[in-house]
Amino acid sequence: EDPEVGSFYYDDGTWSRNLNKNKNCIGIVFDVIENKEWWNENSQTEAFKQVNDDGDYDLKEFKDGFVHGYVVALKDVQDGDSYQFAWMRDPKKPTSANMIVCKTGPYSSSKDPKIYYNGYSNLAKIESIKKGEDNIYEFPAFDACRTYNETAKAPDCSSGWYLPSYDQYKCIGGYTLKNLIYEKFGVCGGEQFQLGRTGTNSTALNTQYWTSSEPNSGSPSNANFVYFSNSTTSCTFSSNQKTYARRVRTILTF
């Protein structure tokens, strides 16, 4: 069967519309690529224009040789007792704001209504910066997505876990879809997002989630984050300093 929004996704790279208790569920499908016939008849570059995903995937590893959709993890990333990670930091100046623009983005706006599923390509940009000879920065929130593999191993026929982009969170956090995801979480042992608060005190930061996107304005010190006010509304977006530690929920492409 083809995947659909709300399908259960397993660590062997398969999925089902009803939970298979004999398999290890690691996430819930939050979006799918429906026009697979068109996808197969066109080049990778042209195909991804449909979903505005410019990720450089190794498509030969994907089931049937194409992208089927996107999965959100069942739980937040945890490192020991901590659930919070800085987006970016200079280890020699951990509280400074001497950040750089990493060119992660863009995302939808009133001037550009396209939807950008570019979390995976944002990760590639970060990895490129990390490999630079002159790089002095660390990217804990991005690294945390990789370490989540120890909690829930991503199958080889997927992209592996990565930090969602602004627009990918917009999809996950929409009122109707969010409630469907929560319903599925209840079936398979997933955990709802923390109820969020505004502000930058420790309590508020512990309820906010990093996206992989920087503001369209090109601010070097800030990145976008999201929080979930309650179960009856969609998520809310804002931006703040990259050095603040916030929560991380990962996604993958399959």
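**Figure 1. Salt bridge between Glu-4 and Arg-17 in the predicted model.** Glu-4 and Arg-17 form a salt bridge in which the closest N and O atoms lie 3.4 Å apart. The two residues come from distant parts of the chain, 13 residues apart: Glu-4 belongs to the segment before β1 (8–10), and Arg-17 to the loop between β2 (15–16) and β3. Glu-4 is partly exposed, at 35% relative accessibility. Arg-17 is also partly exposed, with a relative accessible area of 34%. A search of the whole structure gives 9 salt bridges.

**Figure 2. Lys-130 and its salt bridges to Glu-127 and Asp-143.** The side chain of Lys-130 meets that of Glu-127 in a salt bridge, at 3.6 Å from N to O. Glu-127 and Lys-130 both lie in helix α3 (residues 119–130) and are 3 residues apart, so about one helical turn separates them. Lys-130 also meets the side chain of Asp-143 in a salt bridge, with an N to O distance of 2.6 Å. This second pair links distant parts of the chain, 13 residues apart, with Asp-143 in helix α4 and Lys-130 in helix α3. Glu-127 counts as partly exposed at 22% relative accessibility, a value that is not under the 20% that defines buried. Lys-130 is partly exposed, with a relative accessible area of 29%, and Asp-143 is partly exposed, with a relative accessible area of 29%.

**Figure 3. Salt-bridge network of Asp-76, Arg-247 and Arg-249.** Salt bridges link Asp-76, Arg-247 and Arg-249 in a network. Side chains of opposite charge can pair when their charged atoms come close.

**Figure 4. Strand β4 and its partners β3 and β10.** Strand β4 (residues 69–73) has 5 of its 5 residues buried, so the rest of the structure largely encloses this strand. Strand β3 (residues 25–32) runs antiparallel to β4 and is joined to it by 5 bridges. Within this pairing, Gly-27 has Ala-73 of β4 as its bridge partner. Strand β10 (residues 251–253) is likewise antiparallel to β4, with 3 bridges between the two. Here Val-72 stands opposite Ile-251 of β10. In a regular strand the side chains alternate between the two faces of the sheet.

**Figure 5. Open sheet of strands β6, β7 and β8.** The sheet has 3 strands in the order β6-β7-β8, and their pairing is antiparallel. The edges are formed by β6 (209–210) and β8 (236–241); each has a single partner strand, so one side of each is left without a neighbour in the sheet. Between β6 and strand β7 (residues 222–227) there are 2 bridges, and these strands run antiparallel. Tyr-209 stands opposite Val-226 in β7.

**Figure 6. Negative surface patch including Asp-156.** Asp-56, Asp-58, Glu-61 and Asp-156 form a negative surface patch. Asp-156 lies in the loop between α4 (140–147) and α5 (166–172). Asp-156 has a relative accessible area of 63% and is therefore exposed, the cut-off for exposed being over 50%.

Note on methods:
Residues numbered from 1 in each chain as written. Predicted model: local features only at pLDDT ≥ 70, side-chain atom pairs only at ≥ 80, totals over all residues. Heavy atoms only, no water. Buried < 20%, exposed > 50% of the residue type's maximum accessible area, 1.4 Å probe, protein only. Helix = DSSP H or I, 4+ residues; strand = E, 2+ residues; numbered from the N terminus. Pairing = 2+ DSSP bridges. Patch = residues over 30% accessible without salt bridge, like charges linked within 9 Å, V, L, I, M, F, W, Y side chains within 5 Å. Areas by Shrake-Rupley, 256 points an atom, 1.4 Å probe, with all protein chains shown as cover. Salt bridge = Lys/Arg side-chain N within 4 Å of Asp/Glu carboxyl O. Lys, Arg positive; Asp, Glu negative; His and termini not counted. Charge placed at Lys NZ, Arg CZ, Asp CG, Glu CD.
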